[in-house]
Amino acid sequence: MSVDFKGAHYPKSVILCAVCFYVRYRVSYRDLEGIMEERGAEVDHATLNRWVVKFAPLMAAQAQSRKKPTAKSWRMDETYIKVKGKWTYYYRAVDNTGKTLDFMLSERRDKAADRRFLKRAIGKNGLPDRVVIDKSGANLAGLQSINVILRFTGSGNSIKILQVKYLNNIIEQDHRFVKRITGPMLGFKAFHSAEATLAAIETVHMTRKGQIHANGLTAFQQFAALAA
């Protein structure tokens, strides 16, 4: 299913260029407004924000459905994102080669949030053989609760849980791309806009990591192809 741009007052190519540029480079909406004007498209910063919030989750869903298979050995960790002046928890998981599995913004870091994230990630990527985490008790409890469900339902083998710090370096390094883009944004004003922006950032990051079948396309062309 393609992303529907029906009703938009600008061409799809302009919208995709603006969304991709915003989440790929460290620019503000007002900076992007000026950049678009120089390219012949007069778009105010509020409209640019609406484009990101509306279309980014749709592009992210397409990326998840079209990405290449991932490995069964996972790395899971959280980083912090400021929303409405408060720190929130950004769950992320990659496989042992650094490929993005899933991500989720949460107002809390507890067993329920961990379990919700793991169910999402498993639903999109299948059941992992092992998951490496830090020393977080919430992460451990979330994984253990998934294992209880697996044993009770007989729906799969238990997940091997490893708490080995150096094995998680790969995801801690991967956080840097997200933080490099979100840092200059100085936090988000609303939870839903934070979720949308992060989804677009992750989608562009996935194209840069070669997770989408490229067929010789550039990173932007891959991003734009997700809307087709």
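**Cysteines.** I looked up the Cys17 sulfur in this predicted model: the closest cysteine sulfur, in Cys20, is 7.5 Å away, too far for a bond. I count a disulfide when two cysteine sulfur atoms lie within 2.5 Å, and the structure holds 0 of them. Cys20 is in no disulfide either. Next I checked accessibility, where buried is under 20% relative accessible area, exposed is over 50% and partly exposed is in between (1.4 Å probe, protein chains only). Cys17 comes out partly exposed at 23%, while Cys20 is buried at 9%.

**Ground rules.** I number residues from 1 along each chain as its sequence is written, and side-chain values use heavy atoms, without hydrogens or water. Local features need pLDDT of at least 70 and side-chain atom pairs 80 or more, while totals for chains, interfaces and linings use all residues.

**Helix pair.** Then I went to α2 (residues 29-38) and α3 (residues 45-66), whose axes come within 8 Å and cross at roughly 105°. That makes α2 and α3 roughly perpendicular (65 to 115 degrees). For contact I take heavy atoms within 4.5 Å. On the α2 side I noted Tyr29, Arg30, Leu32, Glu33 and Met36; on the α3 side, His45, Leu48, Asn49 and Val52. The contact residues split into 5 nonpolar, 2 polar and 2 charged.

**Confidence.** Last, I looked at pLDDT, the predictor's per-residue confidence from 0 to 100. The chain averages 91, and 99% of its residues reach 70 or more.

Methods
Axes are lines fitted to C-alpha atoms, for helices over the stretch in contact, and angles run from 0 to 180 degrees between N-to-C directions. Helices (H or I, at least four residues) and strands (E, at least two) are DSSP runs, numbered from the N terminus. Angles under 35 degrees count as roughly parallel, over 145 as roughly antiparallel, 65 to 115 as roughly perpendicular and the rest as oblique. Ala, Val, Leu, Ile, Met, Phe, Trp, Tyr, Cys and Pro count as nonpolar, Asp, Glu, Lys and Arg as charged, and the others, Gly among them, as polar.
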